[in-house]
Amino acid sequence: IVQDASPLLKGTGLKNGDLLNLPTVETDGAPVKKMILPGSAEIPEIDNSKLNFHKIELIAYTFSINPDNNPGIGTFVVCKRTPSSGTVVNVASTNWCSSTGIGGADKVKIETITKNMIDGSLSNSDLFTA
C-alpha cells in the first residue's frame, strides 16, 4: 500500500507499507517511469505521458514475473481518462473475486475495498485522494 489516505481503503486499517494478502495468477500494470524513494521503500511512478490520462493515482503495487520470465510491476490504480469521463479502478489482479481474493486471508479488507468502490461510484464520489 502506498496511498493509505485513498477513499478506496477507508475502513480497512491498511497503512502505507502494509501488504494486502492477494495471491494471484496474473497482474495488470500501468507503465512505470521510474522508482522513487519517499522513505525506505521504492515506489513506482506511473508514466502518464504514455497513458495521457486526465488523472491517475497509484494505490498499491506488487512485483511480479511476466509470462516471458521478466520482472514486472502490478499496479492498483484509480484513473480518469478525461475530466468528464467515468473513473476506473484497476486492482491489478485476476484473483480479486476468487477464493484467494475476496474469499481469502484478507477477505474483510477486500470486501471493504470493493464496497468502497461500488458505493463511491454509485454516489458519484471522488475516488481519488487528492
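A salt bridge here is a side-chain nitrogen of Lys or Arg within 4 Å of a carboxyl oxygen of Asp or Glu. The model is predicted, so local features need pLDDT of at least 70 and side-chain atom pairs count only at pLDDT 80 or more, while totals for chains, interfaces and linings use all residues. Residues are numbered from 1 along each chain as its sequence is written, and side-chain values use heavy atoms, with hydrogens and water left out.

**Salt bridges**
- A search of the whole structure gives four salt bridges.
- One of them joins Lys 33 and Glu 45 at 3.4 Å, N to O. This pair links distant parts of the chain, with Lys 33 in strand E1 (residues 32–36) and Glu 45 in strand E2 (residues 43–46), 12 residues apart; strands are DSSP runs of at least two residues, helices (H or I) of at least four, numbered from the N terminus.
- Asp 47 pairs with Lys 50 in a salt bridge, the closest N and O atoms being 4.0 Å apart.
- Asp 47 is buried at 8% relative accessibility, whereas Lys 50 is exposed at 60% (buried is under 20% relative accessible area, exposed over 50%, partly exposed in between; 1.4 Å probe, protein chains only).
- Lys 107 and Glu 111 form a salt bridge at 2.8 Å, N to O, and both lie in helix H2, four residues apart.

**Glu 57**
- Glu 57, in strand E3 (residues 55–65), is buried yet has no salt bridge.
- The side chain of Glu 57 reaches the backbone nitrogen of Thr 129 at 3.0 Å.

**Helix H2**
- Helix H2 (residues 107–122) has 16 residues.
- Among its buried residues are Ile 110, Ile 113 and Met 117.
- Asn 124, which follows H2, has a positive phi near 60°.

Definitions and conventions. Lys, Arg positive; Asp, Glu negative; His and termini not counted. Polar contact = N/O pair within 3.5 Å; in protein donor to acceptor, adjacent residues only side chain to side chain. Expected span 1.5 Å × (residues − 1).
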